[in-house]
Amino acid sequence: MKRILTLGTAAVLTLGAVTASGSAEGDLAAHGWAGTWAASPAAAVANTPQGYPNYSIRNVVHTSAGGNQARVRLSNTFGTAPLTFGHVTLAVAADGPRAAGGTMRTLTFGGQSTVVVPAGGEVLSDPAWLRVPADADLLVTTYVPTPSGPVTYHPLARQTSFFTRAGDFAGEESGASFTEQTAVWHYLSEVDVRGPARGTVVTLGDSITDGAHSTPGANRRWPDRLSDRLHGRLGVLNAGISGNRLLLDGGASGRNALARLADDVLTSGDVRTLIVLEGINDIQQNPHQTDPAMIVSALRQIVAQAKAQGIRVIGGTLTPFKGWKIYDPTLEKTRQAVNSFIRTSGIYDGVVDFDAAVRDPADPLAMLPAYDSGDHLHPNDAGYQRMADAVPLTLL
């Protein structure tokens, strides 16, 4: 019987030359590197002062774009001591923790199978030859042999991953040793592919982008649904963190959006477009931000810094929250002012009116019941589909 357990400013360090051994597999036309999956590091798992020594953790992630080469980014962003990865593998998933036959690859870092990640740092693997399908699951398994300090993780996965405390099983194809489950992602922050995708779209946001209340294991977050519409032509990376804010840090809700912008957006693989949907938590969480000028100032900076890197920026209007446990006319007035700025300021390369897409025509300050998860703040699967459908693909 399997037991379910929640196991709870990154400078990217690329070790050595970017090389790979072996010959190309498959015939996917290769362009540059594009991001196929991401989850922003949010915090350190509580009560992990020694890390997870002797654990093998098999993260299950879902691709947006395919390719014939892949590389992964691993994070010690919230660690306080060097972290050693003794064995890291990548495989196409068959079911659960089992890898599809013949797809298991051992990853290297500067040609070495072991890598040390400094506190606060990240590492990027060498490319591995592997035919990665679009819209499919991958298994990224890490083995940590020694104590490391607090474990960096992403709390809201809406996906079951697997682990064992019994040692190095990173290369095990059957997955039989992975008898425990976790509902979060550990260490892993991004997977890139080299194939037909001609760049990457990043979605920066909070729990609504993170997919809160979407069906677990079904990949029905709005960025997933957007990826379905793109059919692998562009990679889609989800940089949402539940509870995230523009102006304040928030424990497991991560660093504020500006503080994490470089790590979670600007250094990802070949980013062409950024979609920003942030600010509702600044309004509705304590301490409430009721001055729209403060939120607008942060949004302006996100746009300026992304455009300085040649990235197109799309503004997303803040969705309705009337009926949410913390709602009043003052907070609503702030949301309306922010949305007016997003729609009319002209600083964006385009606007997606998520507010108009999901609001109730009979009560425009509230979400349409058919799109409401029931808490009046987060959409359900149909609401996330509606949000994805509202994005004009020509803007990307």
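**A strand pair and its sheet**

Mentor: In β23, the bridge partner of threonine 273 is arginine 312. Numbering starts from 1 along each chain as its sequence is written. The model is predicted, so local features need pLDDT of at least 70, side-chain atom pairs count only at pLDDT 80 or more, totals for chains, interfaces and linings use all residues, and side-chain values use heavy atoms, with hydrogens and water left out.

Trainee: Over how many bridges do β22 and β23 pair?
Mentor: Strands are DSSP runs (E, at least two residues), numbered from the N terminus, and helices are such runs of H or I, at least four residues. Two strands pair if DSSP finds at least two bridges between them. β22 (residues 271-277) and β23 (residues 312-316) run in the parallel sense, and the bridges number four.

Trainee: Which element gives the most to the lining of the largest cavity?
Mentor: A cavity is a set of points on a 1 Å grid over the protein atoms alone where a 1.4 Å probe fits but cannot get out; lining residues have an atom within 4 Å of a point. The lining has 14 residues, with Ala38, Ser189, Glu190, Asp263 and Asp264 nearest the centre. β19 (188-194), β21 and α3 (257-266) each supply at least two. With three residues, the top contributor is β21.

Definitions and conventions: 1 Å grid on protein atoms, 1.4 Å probe; cavity = no way out; pocket = protein on both sides within 12 Å on 5 of 7 lines; lining within 4 Å.
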